[in-house]
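Keep the sequence and the 3D view open as you go.

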Amino acid sequence: MISEYDILVVGAGPAGSSAAWAAAAAGARVLVVERRKAVGVPVRCAEFIPRLLLGELSFRDRGFVVQAVRAMRAVLPDGTVKETRAPGLTIHRDQFDQLLADYARQAGVEILEQVRAVGTEDGFVVLKQAGGSLSRVRAKVIIGADGPHSTVGRWMGLRVRRLIPALQVRVSLSKPMEHTEVYFHPWIYGAYGWVFPKDDQANVGLAIAQGSKWSRPPKATLEWFVGRLRHEGKIKGPTYNSTFGWIPVEPLQTAVKGNMMLVGDAAGHTHPITGAGVPQAVACGKAAGICAAEAAAKNDPGLLKRYDQQWQEDVGEALHLAVERRKILERQWHLLNDILPYCWIGFKEYYERT
């Protein structure tokens, strides 16, 4: 038996659920397939979102919020601390993702968990369930929201070219924090370490760009970073809940091909300097869903090109600026303390055109 939908979304993270929600609200029949057993699990995220994002989502249920954050402190290599006003929230990311998926369901979206999209065949998408059984679906539009190693992107012949590894652990804080902290150090090449508080605990992690004489083993560097924080008295006790993931640091030039489109990490919509991705995933997901619904209703995949235009207008300028700043950061890493004002968002120099 073959099922037919207007739109098939692969991946039920913030990008996929936002796209599905927007498409269903526009009248489309939408199926989402999620390879995980439960949406949002395991968590691979520092779990911080800007406060403004809640206004865009209009969630009534905010049980996923852990605590408010008022500022971000950047600790520079020479020990200088730069504080930037950054009102936001640390969250339970799994609950956040699940709530987004629930809103999509309430709009009429069908979500199947433990189901993978494994291939295309004669205009159909082949789905594989956890037990191994196969089925086929036909969809007028396919949206890939399946992460940086996107299966849909592979079908399209598109892939995010640059990814950097990120590791994170959970720790206990020595005292409460009302701000996030990011640490820049020569050993953390091309990125930074972070401490994001969650009441009496915190997510501590780092990302390190690879392929340079400055690159170091991520696991050993994280152990060093945790040891530094212990020595400074910021954290205490053992580490637990270790996670690993890949951060895209360069967006695709186009995220549309034929009747397929990519969104979120699959399209490289993560900010190449900060690594933040949830706000762009939600905004670009909505844009993708609206364009997909219109294209499906009019049976005209050519209309999907409007999505490329929309996400470029919404977030393209910020992403491309960050790409340029990343090039400076990596090329002149030996001058880290001097170049940081031009390469970190907390400084006004970052936004000046060179």
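**Exercise 1.** Which residue with a positive phi follows H5?

Solution. Go to the end of H5. The helix is followed by Gly-233. The phi of Gly-233 is positive, near 80°. Bear in mind that this is a predicted model.

**Exercise 2.** Compare the reach of helix H5 with its expected span.

Solution. Start with the extent: H5 covers residues 218-231, which is 14 residues. Next, go from the first C-alpha to the last: the helix reaches 20 Å. At 1.5 Å a residue, 20 Å is expected, and the reach is close to that.

**Exercise 3.** Work out how the buried residues of H5 are arranged.

Solution. List them: Pro-218, Thr-221, Leu-222, Phe-225, Val-226 and Leu-229 are the buried residues of H5. Look down the helix axis: these residues fall within an arc of 140°, so they line one face of H5. Now check the other side of H5: Glu-223 and His-231 are exposed there. Finally, find the packing partners. The buried residues of H5 pack against strands S10 (163-173), S11 (179-183), S12 (193-198), S13 (201-207) and S14 (235-248).

**Exercise 4.** Decide whether Leu-99 is buried or exposed, and find its contacts.

Solution. Locate Leu-99 in helix H3, residues 93-106. Its relative accessible area is 10%. Buried means under 20%, so Leu-99 is buried. Set aside neighbours within four places in sequence: Leu-99 is in contact with Phe-59, Asp-61 and Phe-64. Take Phe-59: this residue and Leu-99 are 40 residues apart along the chain, and their C-alpha atoms are separated by 8.6 Å.

How values were computed. Residues numbered from 1 in each chain as written. Predicted model: local features only at pLDDT ≥ 70, side-chain atom pairs only at ≥ 80, totals over all residues. Heavy atoms only, no water. Helix = DSSP H or I, 4+ residues; strand = E, 2+ residues; numbered from the N terminus. Expected span 1.5 Å × (residues − 1). Buried < 20%, exposed > 50% of the residue type's maximum accessible area, 1.4 Å probe, protein only. Arc of directions from axis to C-beta. Contact = heavy atoms within 4.5 Å.
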